[in-house]
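Good morning, and thank you for making time for this presentation. I would ask you to keep the sequence and the model in view while I speak.

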Amino acid sequence: MSEDTAAVPAQKQTPPVGKESGISALLGSAAGRNTGLVVALVLLCIGGVVTAGDRFADVDNLLTILRLAAVIGVVSIGMTFVITGGGIDLSVGAIVALSSVWATTLATQGIANDSHWIVMVFTALLVGGACGLVNGALIAYGRVVAFIATLASLAAARGLAEIISNRKTQIVNVPGFAAFFDASVLGIPVLVVIFALVAVGGWVLLNRTTFGRRTFAVGGNPEAARLAGIDVRRHTVMLYSLLGLCCGLAAVMLIARTTTGSATHGGLYELDAIAAVVIGGTLLSGGRGTIAGTVFGVLIFTTLSNVFTLNNLSISAQAVAKGAIIVVAVLLQQRLARRSGA
Amino acid sequence: MTSSPARANALLSVQGLVKRFPGVTALGGVDFDVRAGEVHCLLGQNGAGKSTLIKVLSGAHRPDEGEIRWRGEVVEFGNPTAAMRSGVAAIYQELDLVAGLSVADNVFLGHELSTAGFSRRAEARRRTRALLDRLGHRDISPDRDVGRLSVAHQQVVSMARALSLDGQLLIMDEPSAVLDPDEVRVLFGVIRELTAQGVAVIYISHRLAEIREIGDRVTVLKDGRTVATGLPAREVKTSELISLMTGRVLDNVYPQRAPVDPAAPEVLVVRGLADGDRFAGVDLTVRAGEVVGLAGLVGSGRSEILETVYGARKAAEGTVEVDGRRLRRGSVGAAVRAGMGLCPEERKSQGLLLDQAVYRNITVSSMSSFAKFGFLDDRAERARSTKLTEALDVRPAGVDRVVRGLSGGNQQKVVLARWLLRECRVLLLDEPTRGVDVGARSEIYELVRQLADSGVAVVVVSSDVEEVLGLADRVLVVREGRVVHDGPADEIDESRVLDLVMEGQPA
Ligand SMILES: Nc1ncnc2c1ncn2[C@@H]1O[C@H](COP(=O)(O)OP(=O)(O)OP(=O)(O)O)[C@@H](O)[C@H]1O
Ligand SMILES: [Mg+2]
């Protein structure tokens with residue numbers, strides 16, 4: 001289940017007996033699954049050190065990995081909620097693009113220059129949240145299958161981003177904005193700090209609040225959740241809106257990192273986010289989700305890209321490796337599910 | 001080969017069977033034997049290991065230790081197909097049909113009729129028709145999608161599937177739980193026909209009356225072990241069976257009831273309720289402290305009535321009032337806010353979050369009472385859940401267990417605990433004791449009575465007429481979507497209720 005099950009004092013659970021004890025039991029527990037991810041990450045780092053030496057094990061390089069992970073990480077945290085709640089969202093990359101474009105139009109930047117750069121942040125959040133709201137309403141009240149509804153949003157949002165930006169890259173020249181996001185807190189880049197805050201907030205929300213508990217219920221058995229008195233449709237709308245907000249935030253971070261807004265931002269984010277969530281151990285069919293797993297998933301993929309890039313391997317080779325990781329992770333997950341289930 | 005002549009004659013004999021799951025020993029040494037042509041009943045409390053035993057016998061689980069002999073030979077059924085080929089057919093407690101496939105496809109799933117690889121669909125349909133007729137169900141079409149059938153009809157399809165195998169041993173795990181008395185009678189007719197042909201039947205049920213009627217010999221399981229085997233089903237005393245099963249003596253299954261105060265306020269008032277399809281003109285009034293029972297056949301519309309009162313189905317006509325305030329139609333939210341709770345009929349699809357911990361299943365409807373500013377107090381949740389699961393004797397204990405690993409009856413207790421925890425004004429219980437053993441059933445009755453005494457209005461739907469009469473203060477009989485009788489429970493008896501229920505039915 002979720003990681004908070006692992007935090008339960010163990011005295012109430014009878015220890016596993018016989019053959020099931022030891023390594024397989026460890027792997028079956030939530031903590032154990034994260035151990036698997038930690039091991040994978042450590043192996044990748046060792047691979048990086050061996051093949052790229054000091055170029056990999058360099059503070060600047062490690063911070064680069066984290067800065068890259070931060071943007072997709074924020075989207076993946078939101079995606080964890082949607083998938084745990086039994087949904088899927090293919091439009092996240094497009095929403096990031098649209099938010100980034102809307103927040104960097106000449107008009108928005110003009111207002112921001114006249115008042116405060118925070119206007120850009122709010123614009124992106126608003127656009128992202130609104131897109132999520134539309135997705136959620138279509139799915140919950142319009143009864144459109146999530147896959148189709150968000151596929152439609154993907155096309156529409158990216159198209160709209162292209163129209164607004166006229167397919168041009170929009171450079172940011174609001175002074176306070178760049179300065180704020182370029183800064184570091186105790187040596188840690190602001191972007192990474194934001195990611196950490198979102199991850200911690202997401203963990204608390206999923207594991208310690210009624211909102212999170214309802215998410216598990218809605219994803220695990222929507223009919224039972226409805227009869228138990230949960231407003232499943234309203235909750236679904238909230239889940240997609242939350243993910244939309246995360247996309248808006250990711251757009252802000254992306255603008256800061258690239259100093260541009262563009263309709264091409266966030267390409268294939270939907271695949272990266274879903275992949276990170278799934279290899280982290282969240283069940284695609286809903287009802288089971290883990291934030292820590294997602295964070296590891298994101299770090300694994302980002303580190304992988306970094307190691308490949310340092311070794312001058314092509315993007316195509318990266319894609320193949322990513323695919324392999326996903327398959328292995330899903331196979332492993334099924335074995336664990338079978339052991340704890342049937 | 002075998003030492004005793006009795007075992008040599010047995011069709012199936014089992015010795016020292018052990019099956020472990022992570023953290024639980026489901027079977028800790030089971031011995032018994034089944035003879036050709038007999039009905040052998042398995043009795044035991046919830047979680048005693050009955051379902052696990054038949055899953056091992058039918059090849060769905062592999063045993064960890066022990067020996068199974070089939071016609072005197074030691075066998076190992078590696079999978080259900082191997083068992084089927086040897087002539088063992090099983091109907092599982094949790095239905096195992098494939099929704100989306102037709103009735104006929106389900107009946108012949110895994111042993112499809114074919115010629116040179118081409119399926120003989122007309123033949124499969126014809127044989128399915130014949131099997132359903134034999135089970136007294138002309139109303140089920142072989143072409144219907146199984147997912148759209150009621151639970152009772154799905155149970156009939158599983159039985160047809162088991163019969164289609166033409167086995168030598170037929171195993172039935174609580175087949176009567178979802179059937180009404182008439183259907184049980186037909187089922188018994190079929191069982192007698194089969195045993196006359198030398199087929200052996202293993203029959204599991206928590207209803208002792210059924211076991212006396214159909215059984216030849218009884219084996220009692222307790223905590224995964226055989227505590228008695230080969231008891232004569234008709235002669236053995238009920239008290240003896242209960243004390244073998246539970247290790248204690250139980251004198252009174254139903255709690256005492258005090259007369260309902262006629263001046264007590266009317267909490268739930270339903271007027272002229274209709275859904276435009278299954279039922280119409282339903283009036284129902286429940287006072288504080290009153291338990292009202294709805295008797296009727298499976299499919300007579302009782303569950304639909306409850307679900308409509310609760311707002312889970314939209315009413316076409318009529319009103320529902322709680323404490324004098326009319327509820328918005330078709331809104332579960334409104335009903336829940338007014339203090340209503342529904343314990344649904346199908347625990348698996350409508351009730352449980354199977355992959356989640358017991359305590360989370362229990363508190364899901366009362367989360368706000370454990371939350372401060374949206375943050376949940378896990379510790380309090382566990383503590384309250386632990387109390388309830390102890391009261392209901394959920395086994396194995398431990399509220400952090402995943403519900404999927406519990407036995408059927410224990411899962412039912414978890415669903416019920418959810419609604420006992422929530423402090424409702426009106427509690428609607430749909431088949432609250434389905435699959436629950438005798439001992440725990442009396443605990444449940446006791447708890448329901450306590451709730452009523454504290455001023456809750458309770459409505460109970462049950463196919464078990466004895467249960468309705470024993471538990472309720474007032475009984476409503478529902479036939480084909482109409483209320484045909486409404487009166488105090490102590491002014492009517494079982495046979496009168498059955499007459500009312502069946503009236504107008506072809507014999
Ligand atoms: N898949 C499983 N994983 C873990 N434990 C299991 C599993 N299946 C059964 N058990 C455990 O094995 C024990 C026996 O369960 P079983 O289902 O055989 O009981 P039962 O006698 O059929 O009870 P009931 O009358 O409630 O149907 C229970 O303690 C149950 O929790
Ligand atoms: Mg069982």
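A backbone N or O atom of B:Gly49 lies 2.9 Å from an oxygen atom of ligand 1. I speak here of polar contacts, that is, pairs of N or O atoms within 3.5 Å; within protein, one atom must be able to donate a hydrogen and the other to accept it, and residues adjacent in sequence count only if both atoms are side-chain atoms. B:Gly47 also places a polar backbone atom 2.8 Å from an oxygen atom of ligand 1. From B:Gln93 comes a polar side-chain atom, 3.0 Å from an oxygen atom of the ligand. Ligand 1 exposes 640 Å² when taken alone, and the protein buries 90% of that; accessible areas come from the Shrake-Rupley method with a 1.4 Å probe, and for residues only the protein chains shown count as cover.

A word on the basis of these values. This is a predicted model, in which local features need pLDDT of at least 70 and side-chain atom pairs count only at pLDDT 80 or more, while totals for chains, interfaces and linings use all residues. Residues are numbered from 1 along each chain as its sequence is written, chains are lettered from A and ligands numbered from 1 in the order in which they are written, and side-chain values use heavy atoms, with hydrogens and water left out.

Which residues come nearest to ligand 1? Of the 21 around it, they are B:Ser51, B:Thr52, B:Gly405, B:Ser407 and B:Gly409, where a residue counts as near if one of its heavy atoms lies within 4 Å. Seven residues of the shell are nonpolar, twelve polar and two charged; Ala, Val, Leu, Ile, Met, Phe, Trp, Tyr, Cys and Pro count as nonpolar, Asp, Glu, Lys and Arg as charged, and the others, Gly among them, as polar. H2(B) gives the most to this shell, with three residues; helices (H or I, at least four residues) and strands (E, at least two) are DSSP runs, numbered from the N terminus.

I turn to the domains, whose bounds come from an automatic or database assignment. Chain B is divided into domain 1 (5-246), domain 2 (268-339 + 426-433 + 459-507) and domain 3 (346-423). Domain 1 and domain 3 of chain B each supply at least three residues to the shell around ligand 1.

Next, the interface between the chains. Chain B contributes 38 residues to the contact and chain A 33, contact meaning heavy atoms within 4.5 Å. Between them the two chains bury about 2900 Å², 56% of it on carbon and sulfur atoms; buried area is the accessible area (1.4 Å probe) that two parts lose on being put together, summed over both. On the chain B side, B:Arg360, B:Met367 and B:Asp400 lose the most area to chain A, together 19% of what that side buries.

Finally, two points of backbone geometry. The peptide bond from B:Arg395 to B:Pro396 is cis, with omega near -10°, and B:Pro396 sits in the loop between helix H14 (378-391) and H15 of chain B. A:Arg143 is not a glycine, yet has a positive phi of about 55°.
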